[in-house]
Every structure is written in structure tokens, then in C-alpha cells.
Amino acid sequence: MSEKGIFPSRFLFCILTISMFLLILSSVFLLQFGNTSLLPRSVFKLILVNGTSYLKSNVQNELKLPFFLSESSQVDAQTPVKNGDSTCHMLTYGKKMCVLRQRNIDSCNADQALLRVYMYDLPSEFHFGLLGWKGKPNKVWPEINDSNRIPAYPGGLNLQHSMEYWLTLDLLSSNLPSVVRPCAAIRVTNSSQADIIFVPFFASLSYNRHSKLQGKEKVSVNKLLQNKLVKFLTAQNEWKRFGGKDHLIVAHHPNSMLDARGELGSAMFVLADFGRYPVEIANIEKDVIAPYRHVVKTIPSADSAPFEKRPILVFFQGAIYRKDGGTIRQELYYLLKDEKDVHFAFGTIQGNGVKQAGHGMASSKFCLNIAGDTPSSNRLFDAIVSHCVPVIISDEIELPFEDVIDYSEICIFVRGSDAVKKGYLINLLRGITKEQWSKMWEKLKETVRHFQYQYPSQPCDAVDMIWEAVARKVSSIRLRVHRESRFRRSDI
């Protein structure tokens, strides 16, 4: 071959070698020092803890992760947790997601938290005032350093929709060094630095306690508060900035916020299900499903009865005659009431009702969760904390945290059309072996903590899981905002 032919070949080889070297060098540079502003701050941190993307442990550089109009904040590549406590994070979607991690840091701040939350200082009539709390003049919030001084939430069935109370307490305590809690969400004082704007209205309590007219009232307190809330929110710059899309409103009771939900429907809702909402107001794409607060006592794992010590095969106790989709309860009652090892009876919380239900569930292998007036109920979570394998017969049910919890590992799902076939349900449950049931029972005991509400909140409890669910919605909020801003003319 001539020298003229060899020279171009060598030249091209050198060019390709240099190009490959520069490509590898630039990739390493971007990995270690690149700006991640293309990703929302909370989503990037979830990616890091998910393990789908990571930085080597010896890399100490910080990443700038701005969100909305906030200034860039410095965030360590590894999400820290408070005071050496364990925290909840996602491994892979659809698999077991909570892993205990130990970290030794002294405090939780806005750079360390998964979610930065701005909370309106609404007058107490919207929140703790509904519990009878009366603070000093110009004082909006109660003292929460001492748990004995925190206003108590009403008991009974009121408790099942109390997540508004637990989330508010968690935010109030997030800036207190004396309170040890997970570092999922932290309250910030500048709304422009927030990922989410939290509205502290105890909507479920307002409905439960103040929806009926009292004395000479012409308009209920519940309706008045909703009207006030709409006027307040729609007048705020924070609301106007994105049309309320980055606002978080807890409306867990299916009848709460009935008068205001249409005008505030652009916000993210925390709900029990979508049974009484039109799809344009509430849907799984923008909203979060939260677990009910169970009303029966949690059975400690060590005291949980195994298969052979649970004499009842199937348990249901509650209202049997329901409207809408709940008519299936009546059909199942007539199919199962005469089975020898089935407890299917009417029951209420009156008298000793809750204690009896808790004892019955703890003595049963399977607990029916049947659609009622709405697709969901707290009965599912009562079953979970009783380690009674739930049998879900509710075709329209939405389940909390289902993007990270595989409920097929702890529940049995039966279509309503199949459940009402004679012999179908009872034969299905009788056919489940001790080994199959025991596997689900063990999983239930591991899962219970995700459905516990408490103060202070604990790693992977219901409060912690709700904040993480909200964080997973942040990227979709940003997408909606950016898409709607495409043709908006602003000052250039």
C-alpha cells in the first residue's frame, strides 16, 4: 500500500482515539460536577436513594438543584437522616421499599430534607381552633414541644380521617431540634424556596363536627370556613403563581371540601379515594391516596396468632345494607352467613364495638374489605394491624403508596362479579394453604408500620410515607406548569 493511502488511515485512527478520550472525559466530568437543574430537586433525591443512579461515596462535590423559582440550594448527593435514626427510602418500585439507614447528623434542614414545604399561617379557626384550642392573641399555633400540651384529636370514627392533624404537627415540629423525626419534609419560611405549599385546614374535622346547622345559624361553620379558605387562597401570590398546582390540601373524608373542591381543584389533594370526585377534580396522576387511621389496636408481632390459632376463617363486622356500590355487602351476607367458620354480622363502634371487632380480626385468617358507600374504608387498615389477611372486594378502590407497595403480597383481590357467585369466595379462601397464608401473614407484620400515624413521626410510618408520595408527584407538577407556560407572553 502506498504512503498516501496509509496517511489518511492513521490520521482517522488518531482522530477517533482523541474523540473517544474526550467523550469519556466529559462524561466523568458531568457525573461528578454536572448541574442537575433539568430534574426537580425532590425527584433527583429519590433517584439517588432508589439506587438507579448514584455518585461514588468518595465524591464530595455538592449538586445545585433548583425548583420552580427558588434559588439553587446545595444538597449532598447522599440523602441524610436525622439524629442517627433510620429513614424510609425506595429501592425499586413494586418491591420492598423501606430500608433502615443509620446516619449521624444533628439536625434536619432544608438542604437535607426530601421535600421543602411552605405552610400558610392560617388563623386557628381553620385548624387547632376546631379542637377547642384558644391561643394567646396573635398566636396561630399551639406549643408542641410538650406533647401533653398538644390539643388532642377527637376519638371514635373521627380518628380515621385525622391525617390533616398528623401532617400539620409534623411540619410544625420539623424546625424543632428537640423533636427527633424523619427528614422527609421540612417547613421553610420563604414560599419561593418551597417544593410544595401546604394548606393547614382540618377539612375532615370541619365536616364531621361543623357541617350541621347549630342554633340560629343559616350557614354551617364548615361551609363558612370553606368560603373563607377559597377567598384567602385565590388572593395569595403563591396561588396565582402556578394557579394552585403546587398547593397541598388534605380532604380525606369523602364529604369534606364539598363546597370548595371545584374552585380549588387544581391543587394536589390528599384523599381516601376518588369515589365522590369527578375525574377532572381528583385523579391518581395529580393526587395522593393516604391510608385511613385504623381504630382497632395494633397487634404486636410477637403476640400475633398464627394460622392454627385463628379459628375464624372469614370475618366481617359492620354496616351490611349500603347504597351505591355497597349493595354487594348484602349479597355476600346471604351467601356466607350460614357457613360454620364465617363471622358476618352487623356492627357499629357503639359500646364495645371497636374492641369486639379488633378481637374478631385478630382471631381470623381472612378479613373482608367490601365496597360500601365509597370504594374504601378504614376496615382494610384495621385488618392490616390485626395481621388478618385482607380480602378486597372493591373494584374501584385506590390504595395508598401502591407505586411502592405490592398489595398482592399481603391482600387477596376478588372482583365483585366473581365474589357474588355461589361458592366462589368461600371455596377460594378454603383452598389457600397454611404455607401460603403464613407467607402473607409475615409480610403483613412487616408492612404494618407504613400505616401508623403518630407524633413525632417515625421512619416509614404513614406520615413519612405520605410526604414521600407527595415528593414523587413534584415532577408532574413541574411538567404541567411548564407545558402550560409554552405560549405565555411575559416580560422579555
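At 1% relative accessibility, Met257 counts as buried, because the cut-off for a buried residue is under 20%. The model is a predicted one. Met257 sits in a loop, between strand 6 (247-250) and strand 7 (268-271). Its phi is near 60°, a positive value in a residue other than glycine. Most residues other than glycine have a negative phi, and most peptide bonds are trans.

His387 also has a phi near 60°, again positive and again in a residue other than glycine. This histidine belongs to the loop between helix 9 (379-385) and strand 12 (389-393). Its relative accessibility is 1%, so His387 counts as buried.

His387 is also a contact of Lys445. Lys445 itself is part of helix 12 (residues 434-447). Its relative accessibility is 18%. Lys445 therefore counts as buried, since the limit is under 20%.

Pro456 is placed in the loop between helix 12 and helix 13 (462-484).

Across the whole protein, the secondary structure comes to 13 helices and 13 strands. Strand 5 (residues 196-199) has buried residues pointing both ways. Ile196 and Phe198 point one way, while Ile197 and Val199 point the other way. All four are buried.

Strand 5 pairs with strand 3 (residues 115-119) and with strand 6. Three bridges join strand 3 to strand 5, and the two run parallel. In this pairing, Val117 stands opposite Ile196 of strand 5. Strand 5 and strand 6 are likewise joined by three bridges and run parallel. Here Ile197 stands opposite His247 of strand 6.

A search of the whole structure finds two disulfides. One joins Cys108 to Cys183, with an S to S distance of 1.9 Å. This pair links distant parts of the chain, 75 residues apart. Cys108 is in the loop between strand 2 (74-75) and strand 3. Cys183 is in the loop between helix 3 (163-173) and strand 4 (185-187). The torsion about the S-S bond of Cys108 and Cys183 is about 75°, so this disulfide is right-handed. Both ends are covered. Cys108 counts as buried because its relative accessibility is 9%. Cys183 has a relative accessible area of 4%, so Cys183 is buried.

The other disulfide joins Cys367 to Cys388, with an S to S distance of 2.1 Å. Cys367 lies in strand 11 (residues 364-370), and Cys388 lies in the loop between helix 9 and strand 12. The pair therefore ties together parts that are 21 residues apart in sequence. The loop between helix 9 and strand 12 is also the place of His387. The torsion about the S-S bond of Cys367 and Cys388 is about 110°, so this disulfide too is right-handed. Cys367 and Cys388 are both buried.

With bonded cysteines counted along the chain, the disulfides follow the pattern 1-2, 3-4. Two further cysteines, Cys411 and Cys460, were examined for accessibility. Cys411 has a relative accessible area of 3% and is therefore buried. The value for Cys460 is 0%, so Cys460 is buried.

Totals for the protein complete the description. Of its 492 residues, 53% are buried. Among contacts with a separation of 6 or more, 68% are between residues 24 or more positions apart. The accessible surface comes to about 24100 Å². Carbon and sulfur atoms account for 54% of that surface.

Conventions. Residues numbered from 1 in each chain as written. Predicted model: local features only at pLDDT ≥ 70, side-chain atom pairs only at ≥ 80, totals over all residues. Heavy atoms only, no water. Buried < 20%, exposed > 50% of the residue type's maximum accessible area, 1.4 Å probe, protein only. Contact = heavy atoms within 4.5 Å. Pairing = 2+ DSSP bridges. Disulfide = S-S within 2.5 Å. Areas by Shrake-Rupley, 256 points an atom, 1.4 Å probe, with all protein chains shown as cover. Lists of a residue's contacts leave out its neighbours within four places in sequence.
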